[in-house]
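Let us walk through this structure one contact at a time. Keep the sequence and the 3D view side by side.

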Amino acid sequence: MADLREDPYPDVYVGGGFSDPAEAPLPGTPPDGTTPLVETTLPDGTPTTETGPEPGPDRRRAMWRAGRIPGAVAVVTGLVLVCHSFVPNTPGNLGSLLETLLPWTGLAVPALLLAALLRRSVPAVIAALLLGAVWFAVFAPLFLGGRGDAEPNLTVVTHNVNADNPDPAATARTLLAADPDLVALEEVTDDALPAYRKVLDRRLTHSVHIGTVALWSRYPITESRRLTIDPGWSRSLRALVRGPNGPLAVYVVHLPSVRVGVSGFTVARRDDALTALDRFLDHEQQKRVVLLGDLNGTTTDRGLAPLTSRLRPVEDLAGTGFGFSWPAAFPIARIDHILTRGVTPTDAWTLPATGSDHRPIAAGLRA
């Protein structure tokens with residue numbers, strides 16, 4: 001029988017001396033008795049041994065290196081958002097192209113945040129979150145607008161109906177569902193005009209048609225004329241409408257198309273027409289102005305600056321989002337616009353898709 005008084009930790013002879021096993025150093029402990037060594041693997045796969053629970057200098061440097069790329073991309077994207085106006089427009093009008101697609105820089109935020117988390121890089125996570133904050137600060141007004149205190153007394157709609165629209169009558173019925181007081185159409189062909197008239201004339205008894213643009217109104221149109229802003233084309237007009245509270249100058253405009261090709265972003269013809277339109281607006285004597293149409297550009301594009309310096313896009317004051325209108329199947333840009341002066345936008349929205357390659361847009365105004 002074992003002696004119960006026997007020492008449960010018998011002395012063990014170790015290299016010429018005696019040692020108590022309970023006091024023996026743990027495996028991996030440095031000879032000087034400091035905190036045990038910990039074997040870890042760096043984010044790049046390199047094994048390392050550190051002392052203590054805190055990351056050593058090598059690990060901190062590796063974590064920083066692992067997040068350099070997503071962090072740098074976040075910083076550059078943020079600078080582009082804030083300083084896009086400094087991006088040169090030559091060659092190929094790259095500045096205008098960048099500004100046209102500027103809202104889509106927001107897609108970089110979740111992508112960079114995921115990359116930073118996978119690399120376990122705190123600096124990269126912070127950079128991605130800061131980019132998100134910058135993006136929201138730039139575009140927040142488009143989401144924080146909406147109906148104000150003023151009640152609308154005029155609902156306006158504009159739509160590039162597409163010259164090849166297979167069902168003009170159905171398109172017109174979609175527009176009437178918004179109960180509009182003014183409807184502006186672009187790309188109206190002579191063959192399709194009777195179909196639009198048949199539907200729209202029932203509710204909007206006043207109209208004018210010049211070239212490929214047309215305007216229907218619930219209120220009397222007292223005068224109208226063609227605007228020659230793009231020689232050789234007849235797709236812009238000015239009308240004077242006797243609105244609910246007095247005269248209202250209404251412009252219906254279809255600016256030249258732009259393309260992206262080997263030579264870059266071709267906007268020269270559009271910008272020339274904008275310059276001509278600006279001269280007309282410079283001589284506009286009516287205090288209340290509404291411009292509706294397909295401008296083939298976004299309001300963030302510097303090319304539209306002469307126009308947006310005179311008239312205010314309704315989405316800036318009363319929008320509930322980007323309101324992308326083109327292409328209809330998967331809109332990536334708002335190139336159809338309603339701009340005003342001397343009236344108060346109360347709401348702005350996009351209507352359902354029609355047989356066109358554009359989506360119609362609408363706005364409520366206090367005019």
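Start with a charged pair. Arginine 218 forms a salt bridge with aspartate 181, and their closest N and O atoms are 2.6 Å apart. Where do the two partners sit? Arginine 218 lies in the loop between strand 8 and strand 9 (221-226). Aspartate 181 lies in the loop between helix 6 (168-176) and strand 6. The pair therefore ties together parts that are 37 residues apart in sequence. The model, which is a predicted one, holds 14 salt bridges.

Now turn to the sheet. Strands of a sheet pair through backbone hydrogen bonds, either parallel or antiparallel. Here, six strands form an open sheet with mixed pairing, in the order 7-8-6-5-18-17. Which strands stand at the edges? They are strand 7 (206-210) and strand 17 (344-350). Each has a single partner strand, so one side of each is left without a neighbour in the sheet. From one strand to the next, the twist averages 15°.

Look at two of the pairings. Strand 5 (residues 154-160) runs antiparallel to strand 18 (residues 361-366), and five bridges join them. Threonine 155 stands opposite glycine 364 of strand 18.

Histidine 209 stands opposite alanine 214 in strand 8. These two strands form a hairpin with two residues between them. In that hairpin, glycine 211 takes a positive phi near 65°.

Last, move to a pair of helices. Two packed helices are described by the angle between their axes and the distance between the axes. For helix 2 (residues 68-83) and helix 4 (residues 108-118), the axes come within 9 Å and cross at roughly 160°. That angle makes helix 2 roughly antiparallel to helix 4. The crossing of helix 2 past helix 4 is left-handed. Which residues make the contact? Helix 2 supplies Pro70, Val73, Ala74 and Thr77. Helix 4 supplies Ala108, Leu112 and Ala115. By class, this contact has six nonpolar residues, one polar residue and no charged residues.

Notes:
Residues numbered from 1 in each chain as written. Predicted model: local features only at pLDDT ≥ 70, side-chain atom pairs only at ≥ 80, totals over all residues. Heavy atoms only, no water. Axes fitted to C-alpha atoms, helices over the stretch in contact; angles between N-to-C directions. Helix = DSSP H or I, 4+ residues; strand = E, 2+ residues; numbered from the N terminus. Parallel < 35°, antiparallel > 145°, perpendicular 65-115°, else oblique. Left-handed = near helix turned anticlockwise from the far one by under 90°. Contact = heavy atoms within 4.5 Å. Nonpolar A, V, L, I, M, F, W, Y, C, P; charged D, E, K, R; others polar. Pairing = 2+ DSSP bridges. Salt bridge = Lys/Arg side-chain N within 4 Å of Asp/Glu carboxyl O.
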